[in-house]
Amino acid sequence: MSAVLYDTIGRNYSVHRRADYRIADCLINYLNIPENSIIADIGAGSGNYSNALAERGFFVKAIEPSDIMKNQSVKKDNVEWIKGAAENIPLEDASVDAVVSIMASHHFTSLSEALAEMNRICPDGPILWFTFDPREADNPWIADYFPKIWADAMRIFPSLNELKDLFSKATHKTVRIHSFKLPPDLDDKFLAACWRKPSAYLNEDARQAMSGFAVADPVQVGHGIEKLKNDLIDGTWTQKYGYVLNFEEIDWGYRFIIAGKAHN
């Protein structure tokens, strides 16, 4: 997991990457475990979802390698912060009831090692990731303005079939995939969250909280920003993509993948 990256980009992360209640609702629904259960949140970041789960009555072990990310967290009594990486989780065997990882797997150095570790600490409970497969996206206009970022996402994120196979081999549990259609008012501003508000991508601070932008070539990003800005001014964006303004949700490839207990 790239602590160095988040030591660099994570300074204003908690401002733009707040837990969205709909994602938190899905986590709890798909985990399907009793209150007071112990959940390990791997790649907890600034603790947005660790805290959201804690507020719903769970005990959370927030595993995070970056001190800068951790130091932005709002401390909760039932959240324990532990410095560590997904490939070497500093928890005992069979010590938690469930594992979650929310938009963090693209920073793991080895998905198979991370899954093996998650299964080690949670051999009997559910393991759930919220992740992204850009191949599943329905006509993403962002790829028109930032093609390299979208192409990099294609390279970095495995396909859902590949991921399902990795989960199955690492956990030997039943694996399910659930789609998450993006509402227009997400509190968690990850890469595609502002699909119905293109002007949001003109905000540099907001972009820096999206790892795809933070690691991209600034010259290429600058070209995309200039094109987007001009297209918003002269109406080109509205002409080409304004139809999305009529949507209340959109499928741009965000998915929950769960190994183990889950509602159908």
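Predicted model: local features only at pLDDT ≥ 70, side-chain atom pairs only at ≥ 80, totals over all residues.

Q: Does Tyr-241 count as buried or exposed, and what is its relative accessibility?

A: A residue is called buried when its relative accessible area is under 20%. Tyr-241 has a relative accessibility of 10%, so it counts as buried.

Q: Which residues is Tyr-241 in contact with, leaving aside its neighbours within four places in sequence?

A: Contact is judged by heavy atoms within 4.5 Å. With those neighbours set aside, Tyr-241 is in contact with Trp-141, Asp-144 and Tyr-145. As for Asn-78, 163 residues away from Tyr-241 along the chain, the C-alpha atoms of the two are separated by 44 Å.

Q: Which residues of helix α8 are buried?

A: Helix α8 covers residues 147-156, and its buried residues are Ile-149, Trp-150, Asp-152 and Ala-153. Viewed down the axis of α8, these buried residues fall within an arc of 160°, and therefore they line one face of the helix.

Q: What do the buried residues of α8 pack against?

A: Their partners are the strand β5 (127-132) and the helices α7 (142-145), α11 (211-214) and α12 (218-234).

Q: How does one look for pockets?

A: Rolling a probe the size of a water molecule over the atoms shows where empty space is left. In this model, the second largest pocket holds about 160 Å³ of space.

Q: Which residues line the second largest pocket?

A: The lining consists of Glu-204, Arg-207, Gln-208, Phe-213, Ala-214, Ala-216, Pro-218, Val-221 and Gly-222. At least two of the lining residues come from each of α10 (204-208), α11 and α12. Sorted by class, five lining residues are nonpolar, two are polar and two are charged.

Q: How many disulfides are there?

A: A disulfide is taken to be a pair of cysteine sulfur atoms within 2.5 Å. By this rule, the count is zero. Cys-26, for instance, is in no disulfide, and the nearest cysteine sulfur, that of Cys-194, is 19 Å away. Cys-26 counts as buried, at 17% relative accessibility.

Definitions and conventions:
Residues numbered from 1 in each chain as written. Heavy atoms only, no water. Buried < 20%, exposed > 50% of the residue type's maximum accessible area, 1.4 Å probe, protein only. Helix = DSSP H or I, 4+ residues; strand = E, 2+ residues; numbered from the N terminus. Arc of directions from axis to C-beta. 1 Å grid on protein atoms, 1.4 Å probe; cavity = no way out; pocket = protein on both sides within 12 Å on 5 of 7 lines; lining within 4 Å. Points joined across faces, edges and corners; volume = space filled by probe spheres on them. Nonpolar A, V, L, I, M, F, W, Y, C, P; charged D, E, K, R; others polar.
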